[in-house]
Amino acid sequence: MTQNNSQAAEAQKQFPVTDDIREAMALIARGTDTFLIQSEFEQKLARSKATGEPLRCKLGLDPTAPDIHIGHTVVLNKLRQLQDLGHTVIFLVGDFTAAIGDPSGRNTTRPPLTREQIEANAQTYLNQAGMVLDLDKTEVRYNSEWSNALGATGLIQLASRYTLARLLERDDFAKRFKEELPIAMHELLYPLMQGYDSVALKADLELGGSDQRFNLLVGRELQRQYGQEPQCILTMPLLVGLDGVQKMSKSKKNYIGITDPANDMFGKVMSITDDLMWNWYDLLSLRSNAEIAQLKKECAEGRNPRDAKVLLAREIIERFHDKAAADAAEAEFNARFQKGAVPNDIKDVTVAAPTGEIGIMQLIKAAGLAPSNAEAGRNIDQGGVRIDGESVRDRTLKIQAGAEFVLQVGKRRWARVKVTA
């Protein structure tokens, strides 16, 4: 038995993994993109339970220009789950690293932000975090606290703990180096400074987006260099948008903004496919695994998936508005679609999308709700087209195969549409 295996076996004897630890692990792992290393984190949880010492779980965000929709809250939801399990969550504002500029996913140098931009955006990020986290129980830190104090000598000492060869293994650096594109020296410092945050905070777990994996691994290695127990790493995938295909994005117009009116939020959630709904449950809901499994079981046994979608819509609205707004939004939706707004004799239509998607104007014509694409376009421009009550204003909207919804064109033309491949 190797020394590491011997240490792991000894830890298992000292801190046994119980059923409640396994249940917590299943919740934490739900929806994750990367979870390194799960066996290590399981032991951390077992030790925390035995000693009463909560784990330190860190999320660092550089306050770049805000572009806030519910997709940005996926990693915050995971942090809230850890908070609800009794662990210390650290919301780290990267006011120092923002001045460097994160090169992740970039093929050009990211321009550094001014102090004024950083401070303004940091407040927006805190406001956003407060919609998901309990800020009274959250440790809010700024990495300028320890990064400014490093000074030139400390920075050189930090740089000595990592090699250029390892940094150039990073995809974006490797690509730019191969293509002979510039890599500024300050960009090479970014992963080191982010990794040093984990040393300063003695993090047990660091969370981030899927594009942050390299930086998080640097933090794990630097903790070893400084004699600390290395952090575990958890990354979350990007949320798929309303179209069911591409990542949620304002530019793609497939998003739900956290400041959207409650009625709009409700209609947008109700418009997603059933398959996408379960993915959203994994990434956005704070319900337990058992609750979600029970909902899936009931729907598989004949319960209308619409009921589960209503619960998800209400949960999202209550988070970003309140219960009263969720009640009102559901009542307004029901008034339109359950109490006479939709005709009793609405026709069922199946529309084929041979390429896997179909344009909204083509769909309207194929459903028999307009004589031509041009007429369908005019109805869109005039605000006369609705999908599950949500106004459609984009002529270029693509509907994916598998979607099912109520389509309204004008005041009197209706169809319950199913799109097939």
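Which residues does Q231 touch, not counting residues up to four places away in sequence? They are S198, A203, D204, L205, E206, L216, G219, R220 and Q223, where contact means heavy atoms within 4.5 Å.

Before I continue, a word on the basis of these values. This is a predicted model, in which local features need pLDDT of at least 70 and side-chain atom pairs count only at pLDDT 80 or more, while totals for chains, interfaces and linings use all residues. Residues are numbered from 1 along each chain as its sequence is written, and side-chain values use heavy atoms, with hydrogens and water left out.

To return to Q231, this residue sits in the loop between α10 (213-225) and β6. Helices (H or I, at least four residues) and strands (E, at least two) are DSSP runs, numbered from the N terminus. Q231 counts as buried because its relative accessibility is 0%; buried means under 20% relative accessible area, exposed over 50%, and partly exposed in between, with a 1.4 Å probe and protein chains only. The side chain of Q231 also makes a polar contact of 2.7 Å with the side chain of S198. A polar contact is a pair of N or O atoms within 3.5 Å; within protein, one must be able to donate a hydrogen and the other to accept it, and residues adjacent in sequence count only if both atoms are side-chain atoms.

In one of them, the side chains of E40 and R220 meet at 3.0 Å, N to O. This pair links distant parts of the chain, with E40 in helix α3 (residues 38-51) and R220 in helix α10, 180 residues apart. R220 counts as buried because its relative accessibility is 7%, whereas E40, at 29%, is partly exposed.

The side chains of E139 and R56 form another salt bridge, at 3.0 Å, N to O. Here strand β4 (residues 138-142) holds E139 and strand β2 (residues 56-61) holds R56, so that distant parts of the chain, 83 residues apart, are linked. R56 has a relative accessible area of 22% and is therefore partly exposed.

There is also a network of salt bridges, which links R314, E318, K323, D327 and E330.

Let us turn to the record. The UniProt annotation "binding site", from an unreviewed entry, covers K250; such annotations may be inferred rather than shown by experiment. K250 is found in the loop between β6 (232-236) and α11 (262-270). Is K250 buried or partly exposed? With 36% relative accessibility, K250 counts as partly exposed.

Finally, the chain as a whole. There are 17 helices and 13 strands, and buried residues make up 47% of the 421 residues. An automatic or database domain assignment gives domain 1 (19-236), domain 2 (250-339) and domain 3 (348-419). The centres of domain 1 and domain 3, taken over C-alpha atoms, are separated by 43 Å. The C-alpha trace spans about 75 × 50 × 40 Å along its principal axes.

Conventions:
Salt bridge = Lys/Arg side-chain N within 4 Å of Asp/Glu carboxyl O.
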